[in-house]
Amino acid sequence: MFASHAILDATNSAAVTNAEAVALDRANVFHSWSAQKSLNPLVIAGGSGSTVWDHDGNTYLDFSSQLVNTNIGHQHPKVIAAIAQQATALATLAPSHASHVRGLAAARILSHAPASMEKVFFTNGGADANENAIRMARLHTGRDKVISRYRSYHGNTGSAIVATGDWRRIPNEYARGHVHVFGPYLYRTEFWAQTPEQESERALHHLRRTIQAEGPQSIAAILLETVPGTAGILVPTASYLQGVRALCDEYGIVMILDEVMAGFGRTGDWFALDAFDVTPDLITFAKGVNSGYVPVGGVIISGEIAATFDERVFPGGLTYSGHPLAAASVVASIEAFEEEDIVGNAARIGRDHLEPGLRALAERHEVIGEVRGRGVFWALELVQDRASRIPVTAEYMGRIKAELLRLGLLPFIADNRIHVVPPAVVTPDEVATALAIYDQALTAVAR
């Protein structure tokens, strides 16, 4: 579980220790979503595939994929080489110029999107992708309001954070025109449902009534994560997403699917929407498109909405939109996905290894209330007892996280859940090792 790695800081020829890295960080870096004085960040010095390590020789299986974005794994040689080659040729370029690598990146993305999608607007990440998708929908419709779900996360910019449903929007509610609804989540149903079909039908009725109560003529867009990620990996039924599409068509509302976390192989499909036979008007992406090797995101735009701006200026832009290094990394990533069947690997790993392995864990551990997911996108919801479904405490989750780290696995912990989200290149042997670690940690913390 532990190996020795000679890690040098890229800016210094001398070897670095974990203690030195933490001291430098704590003296100078302000961290997101954190009370600064309580931080003791884990040090990561290097990585390869599904494995990362620190300066002191400790190695971890990365079953967090960092922020569920290293779909292609750490340090994929094809992507690293493409970034280096592009840096040698042209390291930066204003978005107003034409660039072959930028055009190629957009074409590669569109080749895996629904046929009605015609253009790509590049951003720096997922939050500003959602920000610009909302702007496009408002300008296209001439309406203002955006409906999104309470159980969601859409990013930390002005409109994106208010579209977010969880607690993080509350201290940031400065944007106007946002309405929230409950989506389907049968395990903790808001609709007294007994089956997935009932849950979807009643969630759609709730959405319809919200549209009617708010006034359809005031609603520009419905913004949904295809599969809500941070909120719990809540896989919907196809009937729910198709029902949302039908409501959007009925009332002239733009349908935006947020694929920032769920896209590019995470669910075992190129886009999560592929499994649900639904086509939105706008798709937002980031994360897995290049595994975060260079910051990038974007909006995939239908022909109808793109045409809105043929003769009308789109009032938005970013200095680094379609940055050459990011574009090169996108092209190389998508080529690697295709050549190495990485999306197929994610589907097989989910079907043949993660799903049966996680369900076997649930049979052994009463604390696991529900297992859900697709591909390399899974959640274990932990409860104090299965009858009441009361979530385990934050203290319990802290102990689980510490035990997993001690055993050599880097986890993704959210509320009362362990999100099992390895890179899409993960191997069956690595999954078997991780399952054994989850088993050992759950057993140890239960004592």
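The secondary structure of this protein, which is a predicted model, comes to 13 helices and 15 strands, where helices (H or I, at least four residues) and strands (E, at least two) are DSSP runs numbered from the N terminus. Its radius of gyration, taken over C-alpha atoms, is 22 Å, close to the 22 Å that the globule rule gives for 447 residues, so the protein is as compact as a globular protein of that length; the rule is 2.2 Å times the number of residues to the power 0.38. Along the principal axes, the C-alpha trace spans about 60 × 60 × 45 Å.

A word on conventions. Residues are numbered from 1 along each chain as its sequence is written, and side-chain values use heavy atoms, with hydrogens and water left out. Local features need pLDDT of at least 70 and side-chain atom pairs count only at pLDDT 80 or more, whereas totals for chains, interfaces and linings use all residues.

Turning to the interior, 56% of the 447 residues are buried, meaning under 20% relative accessible area with a 1.4 Å probe and protein chains only, while exposed is over 50% and partly exposed lies in between. Of the contacts (heavy atoms within 4.5 Å) with a separation of 6 or more, 71% are between residues 24 or more positions apart.

What is the size of the largest nonpolar core, and which residues have the most contacts inside it? That core, a set of buried Ala, Val, Leu, Ile, Met, Phe, Trp, Tyr and Cys residues joined through side-chain atoms within 4.5 Å, has 102 residues, and Ile109 and Leu382 are those with the most contacts inside it. Helix H10, residues 324-339, supplies the largest share of this core, ten residues. Apart from it lies another core of 19 residues, including Leu223 and Ile256. As for Ile109, not counting residues up to four places away in sequence, the residues touched include Phe264, Phe271, Phe285, Val330 and Ile334.

Gln242 lies in helix H8, residues 238-251, and has a relative accessibility of 33%. Leaving aside neighbours within four places in sequence, Gln242 is in contact with Phe276 and Asp277; the C-alpha atoms of Gln242 and Asp277 are separated by 7.4 Å, although the two residues are 35 apart along the chain. Thr427, in the loop between strand E15 (417-420) and helix H13 (428-446), is likewise partly exposed, with a relative accessible area of 33%. Thr427 and Ala346 are 81 residues apart in sequence, and 9.4 Å apart in space, C-alpha to C-alpha.
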